[in-house]
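Trainee: Could you go through this one with me? I would like to start with the ligand and then look at some helices.

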Amino acid sequence: MKKGYFDEFGGQFVPELLIPPLSELEEACGSILPSESFQEELSHLLCSFAGRETPLTRCERLSGRLGFTLWLKREDLLHTGAHKMNNTLGQALLAKGMGKTALVAETGAGQHGVATAAAAARLGLACTIFMGAEDVERQAPNVMRMRLLGARVVPVESGTRTLKDAINAALRHWIAEQRTTHYSFGTAAGPHPFPTLVRDLQSVIGNESIRQCRESFGRLPDAVVACVGGGSNAIGMFYPFIRETGADAVRLIGVEAAGTGEPGCWNSAPLNLGSPGVLHGNHTMLLQDKDGQIQPSHSVSAGLDYPGVGPEHAALHKTGRAEYSMIRDERALRAFAALCREEGILPALESSHALAWVLDNAGDLPQGGHVLVNLSGRGDKDMDIIQRHMPALYEER
Ligand SMILES: Cc1ncc(COP(=O)(O)O)c(C=O)c1O
């Protein structure tokens, strides 16, 4: 297999000026990352700063009516509210090991921006976050959080003024500042080595889950379900399970965002509805028109609103080792409401897509079995959207 490829997907499709920092990063991934001292320091930070390990929660009431036991991996309980912290702490520590003094990152919903800003502050690094101007308006509380944590937030006015434009701007900044700056990429996509680096940093989710499942019910679950934006929480959960084969093989289900689901409307489901092409430095599945122009994506959850997906998911989709399904905005909102009212947990709208798949496909899952959903984040950031879409949910009863 060619370096940095997963089947036919992946690679390093970047301007020549980005090759030196990518090569430097690749070298650090081979030397600093696996070292005992790095791994020890990262484990300590993940535990004492971020709050690992996260628990596995059994959904008592939902399980009763589903006919199987539903378990949640509680990444929502991590510091700053989502799985993003696993990645940003690892990359910030790696940046320090490489002698860098600053981080640059992109953000869409703001979760990766907040997690990067927090990791930078903790480790004494300067921090610049590029964010589409549209997202700066939509996600004002997260902009404030990043600024409070000491980051410089730069609104990006080009293109659709959303995540893909923020990534372009952050890559340009990295080209100019590569001597002092590390690009802390937010998902398991982008040019090699980011898909592998982010996957390895997020694999703590799947590794912990395997141990916790064995402790809780004595075996691996029948199915594992995660939402897919760029793909980092899903690959972090799936990757350790891929090793388990034979009688222990686990069904892996990734859930993309179908948007409103109305004909002709935009979605965020490149694996289900896209075709192969190149975006942000890697060959993967994309939403594009017949001329190869990237199409705008849409989802009620900003974190899933991306026209591409990580190359390892494109390969798992092609080989069939993982299944990828789609959930509409309205079903995700219903699942959000169900978890609030029946289990006392406010999930992120991104994670609500994974939950919705389980609630809508219960008949396709083994009765009496065990199903694990990665609850990638908490819903506090989504209150404005909930208020707009489901006013009845929060009205006085
Ligand atoms: C809570 C949450 N879940 C999922 C995602 C999607 O990202 P990924 O597919 O990289 O996990 C995001 C992105 O912002 C997020 O905030």
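This is a predicted model: local features need pLDDT of at least 70, side-chain atom pairs count only at pLDDT 80 or more; totals for chains, interfaces and linings use all residues.

Trainee: Which residues come nearest to the ligand?
Mentor: There are 21 residues around the ligand, and of these Gly-229, Ser-232, Gly-303, Glu-350 and Gly-377 come nearest.

Trainee: And which helices each supply at least two residues of that shell?
Mentor: Those are α5 (111-123), α11 (232-242) and α15 (349-360), and the largest share, three residues, comes from α11.

Trainee: How many of the shell residues are nonpolar, polar or charged?
Mentor: Sorted by class, the shell around the ligand holds 13 polar residues, seven nonpolar ones and one that is charged.

Trainee: New topic: at what angle do α2 and α4 pack?
Mentor: Helix α2, residues 36-48, packs with helix α4, residues 84-97, at an angle of about 140 degrees, and their axes are 10 Å apart. Angles over 145 degrees would count as roughly antiparallel, so α2 and α4 are oblique to each other.

Trainee: Is their crossing left-handed or right-handed, and which residues make the contact?
Mentor: The crossing of α2 and α4 is right-handed. On the α2 side the contact is made by Phe-38, Glu-41, Leu-42, Leu-45 and Leu-46, while α4 contributes Asn-86, Leu-89, Gly-90, Leu-93 and Gly-97.

Trainee: What classes do those residues fall into?
Mentor: The contact of α2 with α4 has six nonpolar residues, three polar ones and one charged residue.

How values were computed:
Residues are numbered from 1 along each chain as its sequence is written. A residue is near a molecule or strand if its C-beta atom, placed from the backbone, lies within 6 Å of it. Helices (H or I, at least four residues) and strands (E, at least two) are DSSP runs, numbered from the N terminus. Ala, Val, Leu, Ile, Met, Phe, Trp, Tyr, Cys and Pro count as nonpolar, Asp, Glu, Lys and Arg as charged, and the others, Gly among them, as polar. Axes are lines fitted to C-alpha atoms, for helices over the stretch in contact, and angles run from 0 to 180 degrees between N-to-C directions. Angles under 35 degrees count as roughly parallel, over 145 as roughly antiparallel, 65 to 115 as roughly perpendicular and the rest as oblique. A crossing is left-handed if the near helix is turned anticlockwise from the far one by less than a right angle, and right-handed if clockwise. Two residues are in contact if their C-beta atoms, placed from the backbone, lie within 7 Å.
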